[in-house]
Amino acid sequence: MVRERRDPPFGGSVVFLLMNLPLGAVAFGLLTAFTAAGVGTAVVWVGVGLLAVLVLAVRGAARVERARVYALLDRYIDLPYLPLPAGKQVVRWKARLKDPSSWRDFAYFALLFPVGLVEFVLVTTFWATSLALVALPVYFRWLPGGEYRFPNSEVPWLTVGSTVEALPWAALGVLFVALSVALTKALAGTHARLAEGLLGPTVAQRRRMERWWEDAEKKNLVAG
């Protein structure tokens with residue numbers, strides 16, 4: 001039994017959240033392009049092949065995504081797919097298309113782009129603000145005029161021109177660092193739960209898989 005952490009590791013959470021936006025953009029673009037091309041050319045049967053490739057690609061990408069969640073967030077997600085029935089390819093393809101897990105895989109990758117965008121904006125904004133405040137006593141003297149002006153040099157609502165003036169803001173930056181760490185782990189944990197909900201088996205699917213393996217075991221015992 002694989003042990004799961006209550007909270008995702010911090011380092012893995014940062015890497016995971018920063019990866020979600022580019023991966024989500026690629027996934028959204030490919031899903032949109034292949035779906036549009038497949039539906040548009042389905043009349044001449046070319047689209048059927050494109051849609052079949054898309055189904056296989058999404059299921060394969062979902063396996064990779066489960067591995068990424070486990071590697072970076074330490075959350076193991078069981079495979080939700082039942083073994084395909086023996087017989088002709090038509091029967092096997094019907095089983096793939098009837099499997100709700102295939103469509104939940106689609107839903108996950110369709111959501112990865114907007115979810116990844118929100119995560120990327122929150123993480124980069126909080127960490128940029130935190131690190132800028134913490135390092136303010138060091139770098140303010142190299143700014144134009146030897147001082148930090150907020151929000152800009154033309155309309156300075158706030159001016160920091162000495163180390164003593166910068167120290168309170170550095171202390172505030174330490175608080176923001178703590179908030180950024182908590183936010184990063186919270187976002188990663190929420191995304192892990194989303195992945196478990198869409199990429200993992202439901203309770204009904206677990207029961208179906210248990211019944212399938214029980215039946216398979218009985219058949220093996222009878223055959224033996």
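Two residues are said to be in contact when they have heavy atoms within 4.5 Å of each other. By that rule, and leaving aside neighbours within four places in sequence, R141 is in contact with G146 and T163. This is a predicted model, in which local features need pLDDT of at least 70 and side-chain atom pairs count only at pLDDT 80 or more, while totals for chains, interfaces and linings use all residues. Residues are numbered from 1 along each chain as its sequence is written, and side-chain values use heavy atoms, with hydrogens and water left out.

R141 sits in the loop between helix 5 (136-139) and strand 1 (148-151). Helices (H or I, at least four residues) and strands (E, at least two) are DSSP runs, numbered from the N terminus. The C-alpha atoms of R141 and T163 are 8.9 Å apart, although 22 residues separate the two along the chain. R141 counts as partly exposed because its relative accessibility is 40%; buried means under 20% relative accessible area, exposed over 50%, and partly exposed in between (1.4 Å probe, protein chains only).

Now the protein as a whole. It has seven helices and two strands, and along the sequence they follow the pattern α-α-α-α-α-β-β-α-α. The radius of gyration is 25 Å, well over the 17 Å that the globule rule gives for 224 residues, so the protein is more spread out than a compact globule. Here the radius is taken over C-alpha atoms, and the rule is 2.2 Å times the number of residues to the power 0.38. Along the principal axes, the C-alpha atoms fill a box of roughly 85 × 45 × 20 Å. Of the 224 residues, 30% are buried. Among contacts with a separation of 6 or more, 72% are between residues 24 or more positions apart.

The next topic is charge. Side chains of opposite charge can pair when their charged atoms come close. A salt bridge is a side-chain nitrogen of Lys or Arg within 4 Å of a carboxyl oxygen of Asp or Glu. A search of the whole structure finds four salt bridges. One of them joins R59 and D99, whose closest N and O atoms are 3.9 Å apart. R59 lies in helix 2 and D99 in the loop between helix 3 and helix 4 (100-134), so this pair ties together parts that are 40 residues apart in sequence. Both R59 and D99 are buried.

R66 and D105 also form a salt bridge, at 3.5 Å from N to O. R66 belongs to helix 2 and D105 to helix 4, so the pair links parts that are 39 residues apart in sequence. R66 counts as buried at 4% relative accessibility, and D105 counts as buried at 0%.

A further salt bridge is made by E196 and R75, at 3.9 Å from N to O. E196 is in helix 6 (residues 163-199) and R75 in the loop between helix 2 and helix 3, so the pair ties together parts that are 121 residues apart in sequence. E196 is partly exposed at 26% relative accessibility, whereas R75 is buried at 7%.

R96, in helix 3 (residues 89-98), is buried yet has no salt bridge. The nearest side chain of opposite charge to R96 is D99, 8.6 Å away. Not counting residues up to four places away in sequence, R96 touches L56, R59, L84, Q89 and S102.

Conventions. Lys and Arg count as positive and Asp and Glu as negative; His and the chain ends are not counted.
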